[in-house]
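Visitor: Could you take me through this protein chain, from its overall build down to individual contacts?

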Amino acid sequence: MITSENYFSSENQMACMGASQFKAFQKCEAAALAEIKGEYVRPSSTSMLVGSYVDAHFEGTLHIFKAQHPELFKRDGGLKSDYLHANDIISRMESDRLYSLLMSGKKQVIKTGTIAGVPFKIKIDSLLDADTCKQIASEFPDAAAALGFCDGAIVDQKVMKDMEPVWSSEDHCKLPFVESWGYDIQGAIYRAVEGNMLPFVLAVGTKEDEPDLAALYIQDSDLAAKLAEIEDAAPRYQAIKEGKVSPRRCEHCAYCRMTKRLSGIINYKELGADAE
Ligand SMILES: [Zn+2]
């Protein structure tokens, strides 16, 4: 059985695809596979730890998280400034009525299912029931479009640097942060695996000096388009995991740079010519 504790264990990462794993395959198949096999460990950053710190608070497991991460503390035992600021972000989130209602659902709900025949797993930050959705819609008329007539909602919490659009070298334009970080892909996977066509809502807080908040939904047509992309790509990624197809290297990411072997001498003008 998949639990919160073993959700990211190598056994479960091999058995089931998750939203992060799917996105990793989209970026670089070789790096994603090496990570699953334990041959490559993606460097974890302070920025990711701040997000996990906030998640742990809302999950009610912050004491365990603190015990597992001595790097949160200074020598004198006090929290480092990044995590003191994480406490400010949490206070800001909890001082907001709508934000608190969104985070009041069942925590860390784990489910498994299949998409295009591929086993997937999801971990929902806050799963709201129909009554809470009704309550939110009656207190906040502007939330009714997202939660009006539903049997519940999937809420995912995000701690972001800010909510600015992000430059995409692939699309040669700025994309909304939701698309740039693949939260629409995550939403499509979560909704398909959860199985009840529930709305997918992002509860966002930022790390800016004065934290910003947002409650965002992704409309059905966008989730449906993303699900079609996932159905297209997932079987290939699954075949790579099963060793039936060899992974493509992107030749740009940290893993590809780390494992690169020079095989010849090229004209400098060809450097980067294979870039997308
Ligand atoms: Zn790569």
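What follows is a set of questions and answers on the predicted model.

Visitor: How does the radius of gyration of the protein chain relate to the globule rule, and what is its value?
Guide: The protein chain carries 13 helices and seven strands. For its 276 residues the globule rule gives 19 Å, and the radius of gyration is close to that, so the chain is as compact as a globular protein of that length. The value asked for is 20 Å.

Visitor: What share of the contacts between residues at least 6 apart in sequence join residues at least 24 apart?
Guide: The C-alpha atoms fill a box of roughly 65 × 50 × 40 Å along the principal axes, and 29% of the 276 residues count as buried. Among the contacts between residues at least 6 apart, the share that joins residues at least 24 apart is 67%.

Visitor: Are helices α2 and α12 roughly parallel or roughly perpendicular to each other?
Guide: The axes of α2, residues 19–27, and α12, residues 220–241, come within 11 Å of each other and cross at roughly 85 degrees. Angles of 65 to 115 degrees count as roughly perpendicular, and the relation of α2 to α12 is therefore roughly perpendicular.

Visitor: Which residues in α12 do Phe22, Phe25 and Gln26 in α2 meet?
Guide: The residues of this contact between α2 and α12 divide into six nonpolar, one polar and no charged. On the α2 side stand Phe22, Phe25 and Gln26, and their counterparts in α12 are Ile230, Ala233, Ala234 and Tyr237.

Visitor: Which strands are the edge strands of the open sheet of five strands?
Guide: The sheet has mixed pairing and the order β1-β2-β3-β6-β7. Its neighbouring strands are turned against each other by 40 degrees on average, direction ignored. The edge strands pair on one side only, and they are β1 and β7.

Visitor: Which residue in the hairpin of β1 and β2 takes a positive phi?
Guide: Strands β1 (residues 106–115) and β2 (residues 118–129) run antiparallel and are joined by nine bridges, with lysine 111 opposite isoleucine 122 in β2. Two residues lie between the strands of this hairpin, and the positive phi, near 50 degrees, belongs to alanine 116.

Visitor: What is the bridge partner of leucine 202 in β7?
Guide: Strand β6, residues 200–206, runs antiparallel to β7 and is joined to it by five bridges. The partner of leucine 202 in β7 is leucine 216.

Visitor: Which strands does helix α8 lie across?
Guide: Helix α8 spans residues 130–139 and runs at about 50 degrees to β2. The strands it lies across are β2 and β3.

Conventions. Residues are numbered from 1 along each chain as its sequence is written. This is a predicted model: local features need pLDDT of at least 70, side-chain atom pairs count only at pLDDT 80 or more; totals for chains, interfaces and linings use all residues. Helices (H or I, at least four residues) and strands (E, at least two) are DSSP runs, numbered from the N terminus. The radius of gyration is taken over C-alpha atoms; the globule rule is 2.2 Å times the number of residues to the power 0.38. A residue is buried if 20 or more other C-beta atoms lie within 10 Å of its own, exposed if 12 or fewer, and partly exposed in between; C-beta atoms are placed from the backbone. Two residues are in contact if their C-beta atoms, placed from the backbone, lie within 7 Å. Axes are lines fitted to C-alpha atoms, for helices over the stretch in contact, and angles run from 0 to 180 degrees between N-to-C directions. Angles under 35 degrees count as roughly parallel, over 145 as roughly antiparallel, 65 to 115 as roughly perpendicular and the rest as oblique. Ala, Val, Leu, Ile, Met, Phe, Trp, Tyr, Cys and Pro count as nonpolar, Asp, Glu, Lys and Arg as charged, and the others, Gly among them, as polar. Two strands pair if DSSP finds at least two bridges between them.
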